[in-house]
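This report describes some local features of one protein structure. Look at the sequence and the model first, then read on.

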Amino acid sequence: MKTKFLLTVSILLSISSSAAAPARADRKQPVPETQLDDQTKLTLAQALVGEADWNAPDHVAISWVLAKRWQLIEEKAPGKMTFEEYVRAYAAPLKTKSARTKWVQALPWGELPPDGKLAPFTKHWDRVRELVEQWADGGIPDPCPQAVHYGGAMDHPGKAMKPVNCGKTLNIFYSQHRW
């Protein structure tokens, strides 16, 4: 009797937990899990803050553009570069050494110290890290599947690039007719 009861409870718990959280197969993971260690997530989060400050719509759209571009490279030349290497190569704030980009590059993967220069940004940084975790797990859909490039108003994309709407973003996102 006790065994039957425990089996019933176990089955009910597994049914309720699977109903509460969608199976991972239902989610579209942006890049393979093997490419998403903590160092890569840190690099992506730093790039997002560097490219768009604390604007979450930009963060989501930029993450997806970077993933799509890396996947194209991976298809053409498997193993040529990791996703982290691609983010470092593509995101200008990770390559320059201004006071602001040095600050962005110093952000850690984890909680910010409660005192010091970074303390006022704790809630913002926590949200960016949470967004990166959700995105990496496939929990945030691509807001503009046609976008393959982004840039600021000062950038001059090629003639094949056409602006696309990715929501309330600071950056301009582009599709490309001949990708």
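The model is predicted. Every value given here is computed from it.

**Helix α2**

Helix α2 covers residues 38-52. Its length can be checked with simple reasoning: at 1.5 Å a residue, the 15 residues of α2 should span 21 Å, and because the end C-alpha atoms are 21 Å apart, the two values agree.

Is α2 mostly covered or mostly open? It is mostly covered, as 12 of its 15 residues are buried. Among the buried residues of α2 are Leu42, Leu44, Leu48 and Val49, and Thr43 and Gln46 also belong to the list. The elements covering the buried residues of α2 include α3 (56-76), α4 (83-90), α5 (99-105) and α6 (122-136).

**Thr40, in α2**

Thr40 is one of the residues of helix α2. Its relative accessibility is 4%, which is under the 20% cut-off, so Thr40 counts as buried. The side chain of Thr40 has a polar contact with the side chain of Asp37, at 2.7 Å. A polar atom of the Thr40 side chain also lies 3.4 Å from the backbone oxygen of Gln35. Once neighbours within four places in sequence are left aside, Thr40 is in contact with Gln35, Phe83 and Glu84.

**After the helix: Asp53**

Asp53 follows α2 and lies in the loop between α2 and α3. Most residues other than glycine have a negative phi. Asp53 has a relative accessibility of 39%, so Asp53 counts as partly exposed.

Thr101 sits in helix α5. The side chain of Thr101 reaches the backbone oxygen of Thr96 at 3.0 Å. Not counting residues up to four places away in sequence, Thr101 touches Pro93 and Thr96.

Asp126 is placed in helix α6. Between Asp126 and Gly110 there are two distances to keep apart: they are 16 residues apart in sequence, and 8.0 Å apart in space, C-alpha to C-alpha.

| Residue | Relative accessibility | Class |
|---|---|---|
| Thr40 | 4% | buried |
| Thr101 | 7% | buried |
| Asp126 | 22% | partly exposed |
| Asp53 | 39% | partly exposed |

**The largest pocket**

Rolling a probe the size of a water molecule over the atoms shows where empty space is left. The largest pocket has a volume of about 270 Å³. The elements that give two or more residues to its lining are α2, α5 and β1 (149-151). Which of the elements gives the most to this lining? That element is β1, with 3 residues.

In total, 16 residues line the largest pocket. Those that lie nearest its centre are Glu51, Ala92, Gly152, Asp155 and Asn171. By type, the lining of the largest pocket divides into 6 nonpolar, 7 polar and 3 charged residues.

Terms used
Residues numbered from 1 in each chain as written. Predicted model: local features only at pLDDT ≥ 70, side-chain atom pairs only at ≥ 80, totals over all residues. Heavy atoms only, no water. Helix = DSSP H or I, 4+ residues; strand = E, 2+ residues; numbered from the N terminus. Buried < 20%, exposed > 50% of the residue type's maximum accessible area, 1.4 Å probe, protein only. Polar contact = N/O pair within 3.5 Å; in protein donor to acceptor, adjacent residues only side chain to side chain. Contact = heavy atoms within 4.5 Å. Expected span 1.5 Å × (residues − 1). 1 Å grid on protein atoms, 1.4 Å probe; cavity = no way out; pocket = protein on both sides within 12 Å on 5 of 7 lines; lining within 4 Å. Points joined across faces, edges and corners; volume = space filled by probe spheres on them. Nonpolar A, V, L, I, M, F, W, Y, C, P; charged D, E, K, R; others polar.
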